[in-house]
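Reader: I would like to learn how to read a model of this kind, feature by feature. Could we take the general idea each time, and then the case at hand?

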Amino acid sequence: MVTVRIWDLPTRLFHGALALCVLGLFVSAELGGNAMVWHFRFGFAVLTLLLFRLAWGLVGGHWSRWAQFPLRPSSVVAYVQGRSLLRWAGHNPLGSWSVVVLLLALALQVATGLISDDEIANVGPLSFLASGRWVSWATSWHKDWGQSLVMTLVILHLSALVWYRFKKKVSLVPAMLHGDKSLPEHVTASKDHAAQWLLAFIVLLLSALAVYFLVTIRP
């Protein structure tokens with residue numbers, strides 16, 4: 001067995017930050033009232049993280065790149081049927097799809113939040129750009145189906161971690177904490193050094209600036 005750096009530090013920090021922000025979104029939404037100020041802040045933070053992850057999937061560590069996600073239907077079918085002989089260093093086919101679907105669901109949730117209007121006290125910063133019909137639909141989705149969808153996907157994500165731990169005797173959590181995996185043979189390691197961290201900081205900063213300019217647009 002050899003130890004290989006699979007998840008670079010920026011990817012690991014993204015994962016932890018996204019989990020905390022999503023938790024913050026749920027808690028602040030349930031509390032309502034003054035907590036909605038934080039709900040918006042968490043929403044902007046999630047959008048920043050999503051933009052970062054989109055870009056990091058192009059320039060980040062080897063196993064964090066979208067090109068390394070085995071998303072082909074044939075790969076998924078082979079994995080589910082147990083016909084795949086590959087040992088996946090990064091995300092396996094099901095894990096890859098779970099990541100993509102969760103990120104897309106979060107993106108839709110944030111997008112609808114930006115144009116929502118509860119007609120009481122909370123108005124999305126971009127609601128003025130959408131027609132009343134779209135604002136009404138976005139508000140309904142954001143408060144009901146969208147929130148339920150994200151919660152369901154999060155529960156499935158956590159359940160999969162538990163299933164792998166106790167059914168397949170494989171713990172996926174440690175690698176996301178320290179970045180390394182023990183593998184039977186050497187594979188390409190993800191770059192994880194100061195230059196990569198600086199690049200990640202620049203990408204994050206640009207993502208934050210993009211979100212800032214987006215949400216401060218005025219009619």
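Author: Let us begin with the strands, where strand 1 (residues 2–5) and strand 2 pair in the antiparallel sense over four bridges; two strands pair if DSSP finds at least two bridges between them, and helices (H or I, at least four residues) and strands (E, at least two) are DSSP runs numbered from the N terminus. This is a predicted model, in which local features need pLDDT of at least 70 and side-chain atom pairs count only at pLDDT 80 or more, while totals for chains, interfaces and linings use all residues. Residues are numbered from 1 along each chain as its sequence is written, and side-chain values use heavy atoms, with hydrogens and water left out.

Reader: Which residue in strand 2 is the bridge partner of Val-2?

Author: The partner of Val-2 is Leu-183. In a regular strand the side chains alternate between the two faces of the sheet. In strand 2 (residues 180–183), Lys-181 and Leu-183 make up the covered face, whereas Asp-180 and Ser-182 make up the uncovered one.

Reader: How should I read a nonpolar core, and which residues have the most contacts inside the largest one?

Author: In soluble globular proteins, nonpolar side chains tend to be buried together. A nonpolar core is a set of buried Ala, Val, Leu, Ile, Met, Phe, Trp, Tyr and Cys residues joined through side-chain atoms within 4.5 Å, where buried means under 20% relative accessible area, exposed over 50% and partly exposed in between, with a 1.4 Å probe and protein chains only. The largest core here has 29 residues, and those with the most contacts inside it are Phe-14, Leu-18, Val-46, Phe-52, Leu-103, Leu-106 and Leu-114. Two or more residues come from each of helix 1 (9–31), helix 2 (36–59), helix 4, helix 6 and helix 8 (194–215), and helix 4 gives the most, with eight residues.

Reader: What does Val-46 touch, leaving out residues up to four places away in sequence?

Author: Taking contact as heavy atoms within 4.5 Å, Val-46 touches Leu-18, Cys-21, Leu-25 and Val-110. Val-203, found in helix 8, counts as buried because its relative accessibility is 10%, and under the same exclusion of residues up to four places away it touches Phe-52, Ala-55 and Val-59.

Reader: How is the packing of two helices described, and at what angle do helix 5 and helix 6 cross?

Author: Two packed helices are described by the angle between their axes and the distance between the axes. The axes are lines fitted to C-alpha atoms, for helices over the stretch in contact, and angles run from 0 to 180 degrees between N-to-C directions. For helix 5 (residues 132–143) and helix 6 (residues 145–166), the axes come within 3 Å and cross at roughly 35°. Ser-140, Trp-141, His-142 and Lys-143 of helix 5 make the contact with Trp-145, Gly-146, Gln-147 and Leu-149 of helix 6.

Reader: Why is the pair of Tyr-212 and Phe-213 called edge-to-face?

Author: Rings of Phe, Tyr and Trp (its six-membered ring) pair if their centres lie within 6.5 Å, and planes under 30 degrees apart count as stacked, over 60 as edge-to-face and the rest as tilted. By this rule there are nine aromatic pairs, including the stacked one of Trp-137 and Trp-141, at 6.0 Å centre to centre with 20° between the planes. The rings of Tyr-212 and Phe-213 have their centres 5.5 Å apart and their planes at 70°, so that pair is edge-to-face. Tyr-212 is partly exposed, with a relative accessible area of 48%, whereas Phe-213 counts as exposed at 54% relative accessibility.
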